[in-house]
Amino acid sequence: MEVPMNKSIIFPGIGKLLHGGDYNPDQWLDRPDILKEDIRLMKKAGVNVVTLGVFAWSTYEPVEGEFHFEWLKEIMDNLYENGIYTILATPSGARPAWLDEKYPEAMRVARNGMRNHHGLRHNHCMSSEKYREKVANLDGKRAENVGSHPGLILWHISNEFGGECWCDQCKKRFQEYLRNRYHNDIEELNKQWWTNFWSHHYNSFEQVEPPYQNGETSVHGLNLDWKRFTTWNMTDFMKHEIEVIRQYSPNVPVTANLMRLYNGLDYHEMAKDIDVISWDSYPAWNNDYETVTQTALDTAFDHSVMRSLKREKPFLLMESVPSQVNWHPFNKLKRPGIHKLSCIQAAACGSDMIGYFQWRKGRGSYEQYHGAVLDHLGTDETRVFKDVAEVGEILRKLAPIEGSLVKPEAAMLFDWNNRWAIEDMAGLSKNKKYEDTCRKQYTAFLKHGVDMDVISPEADLSNYKLIVMPMLYLLKPGFTDRLKEYVAKGGVVVSTYLTGYVNENTLCYLGGFPGDGLKELFGLYTEEIDALYPSDTNGITFRAGTLAENAKTFPVTDFCEMIKPTGAEVIGTYEKDFYAGTPAVTVNTYGKGKAYYVGARMNTEGMEDFYHEVWKQAGITPKALPDGIEFHVRTDNEVDYEFYLNFSDEEKKIYGIRNGINLLTDGKVEDELTIKPYDLAVLRILR
Ligand code: GAL
């Protein structure tokens, strides 16, 4: 199959954006009439892909060793004959009762050391040899049966990997993991974990226990290594499944459906073993605590995190809901227009698929009231079905964007290790808010039409004109050298309070923060950090001639760091308190680039003003967008696709736009664009 060189097509030969979602025919095998109707209505809704068998283990193997794949083959055949592709999930996310009865070691142990009973899902032990054997057996047999089916385009490994197991087998594997990490040298572990504190020194790896609920939780190095181990062990389990599948189905790529900024796994590590990134998005649209525009900006951040896990390819929105979920505190219906906008927002951010959970509502049990394309009512006459069909039609028109990419000029550094270390750090204030800070900075960018990737410290920095690294408390080895090289060559970097305090094992840097060579890059060191009460107030005053002709002051909250410049130029100072007038924001010239340091948590307005100055330095041009309009660009290097999404309830006019064709109407657009409330435009613009 010939694939155009300028596109990153994930599924050659399909020539469409994917539209579909989780389909659970195993719950309806006694209703052939319904299965037939499903296909008819899928076609009507413009569905061209389904994810099959996510939780179908007990249908595949109702008793140990007795396998049934005929039904699956028949369903895949029917779908394929009707132009619908299959994403096939491995069913390891939930176990049949016979398995737990016979092999209780497959059931997860909780942090207090107690083993779960049978039930629920996503609760297996990742280390259990028996469970791995049973999963591999089923995965292999099924891949042998349908792994070369022409309708199969993607393997979906398990479901939403997550959680932790605290059983003895996991403890043993953890000890082995540590032995490996610390080169079989327990004294090295003691040193890195600072275990002479409270007399917590270990004599052997066998003495090290996971941080049980009622055990050792005061050693930060241990806590962090346990998190890293969980990622490693979960990834190892996933790789075990992938290996078996590849034996029979070597040419079909694999994915695992991720969960936005899920805190339990380092997705940067996991993503290395996945071919295609996919994720499940369930924002609370029209909630009572923020505007729809804010929910949208927040969701765009999640899409960016996912996209950036493999920036050289589009990602897939594997799951979303066409109406209401059943697990938010309040499950509001999607208001008119929101379904369309939220789906196309995913495409605008780089997704080549819009998937739903699920196609048809199950009659009973926990998810019977979870939204689906088809309601219990069973017809295509519903508002939800029509919304879905409309998205199907829009995606058909957007087929040309397949394989194009979002290529922002700016990136934000986000690191799970850093997040864990900040959360675990004992001190300062309970308002650490790492994730929230990252989201707010992203929002400050996107509101002005400047998109960002959200990258790991290992990513190639040279792709960007500007790197923002909020609260990079933990520095991984090698990162600072690469950052210095990036700035020396002309890059611009912005860093904040709480940068460079600890090494990868949470040992503080000696000789002043930020450590590991960053003092030189920023031309400063920091001496103290003040943690404010919520009722405390302070501000940063930017010198006249920096952000504006006159001096400007913005409020700050939570943290104020005392900066001692050793070469950096001071552009902002503190407004109040015993450190009034001392440096709060600085900029240092380093080689051909600039390194900014912001010592306190500024309010949104301050951040936006400050970033306008930084963008100028970095050669990035913001866009003047009306409130409520979100802007994204995908490109295949020959054509740019500009997305304008109106997340407000007012008609908006946008001026000074590039001329192009609106892919949704085929109409020419010149200079200005009018977008109705909760509507959108996608412009095709030759470069
Ligand atoms: C996801 C899960 C699906 C379904 C959905 C409901 O987290 O992967 O199986 O349960 O939530 O919103």
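How far from an oxygen atom of the ligand does a polar side-chain atom of glutamate 367 lie? Select both and check: the separation is 2.4 Å. Keep in mind as you go that this is a predicted model.

**Stop 1: around the ligand**

Stay with the ligand and show the residues that surround it. They are Phe55, Arg121, Asn159, Glu160, Asp280, Tyr282, Glu319, Trp327, Phe357, Glu367 and His370. Now pick out two more of these side chains. Glutamate 319 places a polar side-chain atom 2.8 Å from a ligand oxygen. For asparagine 159, an N or O atom of the side chain is 2.9 Å from an oxygen atom of the ligand.

**Stop 2**

The peptide bond from phenylalanine 357 to glutamine 358 is cis, with omega near -10°. Most peptide bonds are trans. Glutamine 358 itself sits in the loop that runs between strand 8 (351-356) and helix 12 (383-397).

**Stop 3**

To find proline 514, look in the loop between strand 12 (492-496) and helix 16 (518-522).

Then select lysine 433, in the loop between helix 13 (416-424) and helix 14 (434-446). Most residues other than glycine have a negative phi.

**Stop 4: helix 8 and its partners**

Now colour helix 8 (residues 220-248) and helix 6 (residues 168-181); their axes come within 10 Å and cross at roughly 105°. The two helices are therefore roughly perpendicular to each other. To see the contact, show Cys170, Arg173, Phe174, Tyr177, Leu178 and Arg181 from helix 6, which meet Leu222, Asp225, Trp226, Arg228, Phe229, Trp232, Asn233 and Asp236 from helix 8. Sorted by class, this contact has eight nonpolar, one polar and five charged residues.

On the helix 8 side, select His220, Asn223, Leu224, Lys227, Arg228 and Thr231; they meet Asn417, Trp420, Ala421 and Asp424 of helix 13. Here the residues divide into three nonpolar, four polar and three charged. Arg228 is worth a click, as a residue listed in the contact with helix 6 and in the contact with helix 13.

**Stop 5: helices 10 and 11**

The crossing is right-handed. Val292, Ala296, Thr299, Ala300 and His303 of helix 10 make the contact with Ile338, Gln345 and Ala346 of helix 11. What classes do these residues fall into? Five are nonpolar, three are polar and none is charged.

Definitions and conventions
Residues are numbered from 1 along each chain as its sequence is written. This is a predicted model: local features need pLDDT of at least 70, side-chain atom pairs count only at pLDDT 80 or more; totals for chains, interfaces and linings use all residues. Side-chain values use heavy atoms; hydrogens and water are left out. A crossing is left-handed if the near helix is turned anticlockwise from the far one by less than a right angle, and right-handed if clockwise. Helices (H or I, at least four residues) and strands (E, at least two) are DSSP runs, numbered from the N terminus. Contact means heavy atoms within 4.5 Å. Ala, Val, Leu, Ile, Met, Phe, Trp, Tyr, Cys and Pro count as nonpolar, Asp, Glu, Lys and Arg as charged, and the others, Gly among them, as polar. A residue is near a molecule or strand if one of its heavy atoms lies within 4 Å of it. A polar contact is a pair of N or O atoms within 3.5 Å; within protein, one must be able to donate a hydrogen and the other to accept it, and residues adjacent in sequence count only if both atoms are side-chain atoms. Axes are lines fitted to C-alpha atoms, for helices over the stretch in contact, and angles run from 0 to 180 degrees between N-to-C directions. Angles under 35 degrees count as roughly parallel, over 145 as roughly antiparallel, 65 to 115 as roughly perpendicular and the rest as oblique.
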